[in-house]
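Biologist: I would like to check the terms used for this model. Let us take them one at a time.

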Amino acid sequence: MGHDDAAPLLDGRYRLEQEIGRGGMSVVYRATDEVLHRPVAVKLFHPGSVDLARQEAELGVLAALEHHGLVGLLDAGVVDVVGSGPRRFLVMSLVVGQDLEARLEVGPLSAKHVAEIGYDMAEALEYIHPHGVVHRDIKPSNILLVDYGTGSERARARLTDFGIALAAGVERLTADGVTTGTAAYLSPEQARGGDVGPASDVYSLGLVLLQCFTRRREFPGSLVESAIARLSRDPVVPEPLPEHWKQLLRAMTAQDPADRPLGAQLVAMLRDVVITESAAGDTGTPATRTDTAATAAPSTAAPADAARGDAAPAGSRPATLDSLPEESLQRTVAMAARLFDAPIALVDVLDEDREWSQSWIAEGVDEVARNISFRSGFAPVPVPVVIPDGSVHPEMRQSPLVTGPLGIRFYVSVPLLRHDGTAVGTLAVLDVRAREASDADLANLRDLAALAVTQLELRQEGLRTTSDALPLDGAH
């Protein structure tokens with residue numbers, strides 16, 4: 001419901017207007033503060049979900065927190081609801097923008113944007129932890145990407161929902177027998193019911209950043225299934241990720257809390273990653289570069305019409321081990337372009353020992369098309385992506401691919417998958433016409449990608465065979 005004088009008035013001040021979120025412990029409403037005439041968010045806890053007496057002290061601590069990376073607590077109280085008794089409510093700033101979970105459903109993020117989100121969150125944790133506050137429920141839906149209406153390409157991240165934060169202590173169970181914190185993002189110590197401190201938040205944030213690349217929960221399932229999984233193994237960090245990301249994510253998700261970076265150390269590590277990703281992006285043509293284009297289409301980073309990267313030392317291996325895959329990728333992009341009658345097709349692969357990139361560009365297409373590449377420091381998208389019209393797509397419409405001289409409208413891509421299911425690259429087709437991609441089109445594009453991967457895997461097998469056959473110390 002919209003603004004309505006007949007809507008419920010909470011505590012004589014907050015008029016509840018529309019439910020905007022619901023969880024196991026509470027419901028969140030958009031509301032109007034009738035005293036200050038401003039929009040706010042009101043979180044109303046379910047009966048019995050919090051210890052009202054114990055929370056009084058915690059609320060004093062939370063209300064004192066003020067930081068650009070946090071959604072501030074404006075007010076709190078207890079109301080008697082007919083039929084359910086006393087219930088706690090919290091009043092928070094109403095933030096305009098998507099939460100990270102909703103954003104990831106739209107498409108992948110560029111590595112630079114992921115780093116910026118991580119940096120914002122690291123600063124927030126560096127602030128709250130010395131105040132004795134452990135958030136305990138860091139997950140994508142509790143990270144808001146704020147739109148300040150300034151037209152900035154970068155959405156600043158803010159941490160919200162301190163409803164289960166504790167000053168310190170052992171992980172506890174709610175009245176329903178469910179541990180506080182969302183199952184998929186619990187730290188190992190939370191899963192064990194042990195002492196929970198700042199390092200627990202760092203672990204949860206590590207899982208969130210990992211999900212920004214994989215776009216799936218690392219430990220899905222029920223509380224028990226999820227807990228057993230994280231206690232029996234470390235998160236799987238994708239091999240195609242750059243080394244600085246792999247080191248960071250493995251450190252943040254270390255099993256032993258003492259091994260995880262905290263405070264200023266975590267902030268410094270994420271600052272370095274932001275700088276590294278920014279520098280990587282600066283190699284492209286300024287007129288066509290974009291950080292947000294990587295969410296649904298390739299970024300413009302480096303020439304893509306030739307294989308790049310240094311191959312492993314050739315030694316005495318046959319030249320065909322490199323020339324055949326290269327020729328296969330050239331034919332793949334040419335066939336993909338013909339399949340869609342489109343002017344641009346691209347393929348990019350991060351192989352075990354080198355990177356491969358090929359493009360097919362029709363005659364008459366602006367030369368800027370030769371600067372398009374997928375490699376911007378982020379892992380290949382593991383699922384097909386179809387954007388019928390980039391000019392109206394929320395993540396692509398500001399991309400220079402759309403607004404620049406190419407005027408791209410249509411984008412379709414499929415992952416290149418190894419036999420074990422690992423995504424090692426992307427095959428994409430771009431067109432200046434808005435259009436659709438049928439299931440048959442996607443199936444054909446996947447078949448082309450599979451043929452290219454087969455040739456690459458044959459090459460790797462050939463490399464291993466050649467290496468095994470090489471003489472050692474001159475022996476035959």
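Modeller: Start in the loop between strand S11 (355-361) and strand S12 (385-387), where valine 368 sits. Keep in mind that this is a predicted model.

Biologist: Why is valine 368 called buried?

Modeller: Its relative accessibility is 10%. Buried means under 20%. Valine 368 therefore counts as buried.

Biologist: What is the distance between valine 368 and glycine 404 in space?

Modeller: They are 9.3 Å apart, C-alpha to C-alpha. In sequence, 36 residues separate them.

Biologist: How do you know whether lysine 43 is buried or exposed?

Modeller: Set its value against the cut-offs. Buried is under 20%, exposed is over 50%. Lysine 43 has a relative accessible area of 5%, so it is buried. This residue lies in strand S4 (residues 38-45). An unreviewed UniProt entry puts a "binding site" feature at Lys43.

Biologist: Why is helix H3 described as largely enclosed by the rest of the structure?

Modeller: Count its buried residues. They number 17 of the 18, so H3 is largely enclosed.

Biologist: What span is expected for H3, residues 111-128?

Modeller: At 1.5 Å a residue, 26 Å is expected. From first C-alpha to last, H3 reaches 26 Å, close to that expectation.

Biologist: How many helices and strands does the protein chain have?

Modeller: There are 11 helices and 14 strands.

Biologist: What share of the protein chain counts as buried?

Modeller: Of its 476 residues, 52% do. The chain still exposes about 20,800 Å², and carbon and sulfur atoms supply 53% of that area.

Definitions and conventions
Residues are numbered from 1 along each chain as its sequence is written. This is a predicted model: local features need pLDDT of at least 70, side-chain atom pairs count only at pLDDT 80 or more; totals for chains, interfaces and linings use all residues. Side-chain values use heavy atoms; hydrogens and water are left out. Helices (H or I, at least four residues) and strands (E, at least two) are DSSP runs, numbered from the N terminus. The expected span of a helix is 1.5 Å times one less than its number of residues. Buried means under 20% relative accessible area, exposed over 50%, partly exposed in between (1.4 Å probe, protein chains only). UniProt positions are given in the numbering used here, feature names are shortened, and annotations may be inferred rather than shown by experiment. Accessible areas come from the Shrake-Rupley method with a 1.4 Å probe; for residues, only the protein chains shown count as cover.
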